[in-house]
Amino acid sequence: DLGYTLDDRPFPRGELLVRTPFLAPKTRWLGCSDEHLATKYDEDGYYRTGDVVEWDSSKQEFRIIDRASASVKLPCGAFFAPARVEA
């Protein structure tokens, strides 16, 4: 949990989840273990993209603002994004 919520104002934020008939079902992925695939799909069958987005309802668009899968949780409980330090 990176601290992004649907209650954030002015724009709700959270991880982008997608489900479409064009996305290969988790049973068709080659070279992936069942444990890895379980982390890529939620309980409703949505694919976890790893992108954190904010939703602008006035424009009906979202913007990618962070990368959930690129963050590391420190022992103190805080999240750290190595890419931000490298930039």
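Colleague: In the hairpin of β2 and β3, which residue takes a positive phi?

Modeller: In that hairpin, which has four residues between the strands, Gln60 takes a positive phi near 55°. Gln60 is a residue other than glycine and belongs to the loop between β2 (47–56) and β3 (61–67). Strands here are DSSP runs of E with at least two residues, numbered from the N terminus, as helices are for H or I runs of at least four. This is a predicted model, in which local features need pLDDT of at least 70 and side-chain atom pairs 80 or more, while totals for chains, interfaces and linings use all residues. Residues are numbered from 1 along each chain as its sequence is written, and side-chain values use heavy atoms, leaving out hydrogens and water.

Colleague: Is Gln60 buried or exposed?

Modeller: Buried means under 20% relative accessible area, exposed over 50%, and partly exposed in between, using a 1.4 Å probe and protein chains only. Gln60 is exposed, at 56%.

Colleague: How do I read the sheet, and in what order do its strands come?

Modeller: Two strands pair if DSSP finds at least two bridges between them. Here three strands form an open, antiparallel sheet in the order β1-β2-β3. β1 (13–18) and β3 are the edge strands with a single partner each, so one side of each has no neighbour in the sheet.

Colleague: How many bridges join β2 and β3?

Modeller: There are six, in the antiparallel sense. Asp51 has Arg67 of β3 as its bridge partner, and Val53 stands opposite Ile64.

Colleague: And salt bridges: how many does the model hold?

Modeller: The rule asks for a side-chain nitrogen of Lys or Arg within 4 Å of a carboxyl oxygen of Asp or Glu. The count is four. In one of them, Arg48 meets Glu15 with the closest N and O atoms 3.6 Å apart; this pair links strand β2 to strand β1 across 33 residues.

Colleague: Which residues does Arg63 bridge to?

Modeller: Arg63 reaches Glu54 at 3.1 Å, N to O, and Glu61 at 3.4 Å. Glu54 is buried at 15%, whereas Arg63 is partly exposed at 27%. With Asp56, these residues form a network of salt bridges.
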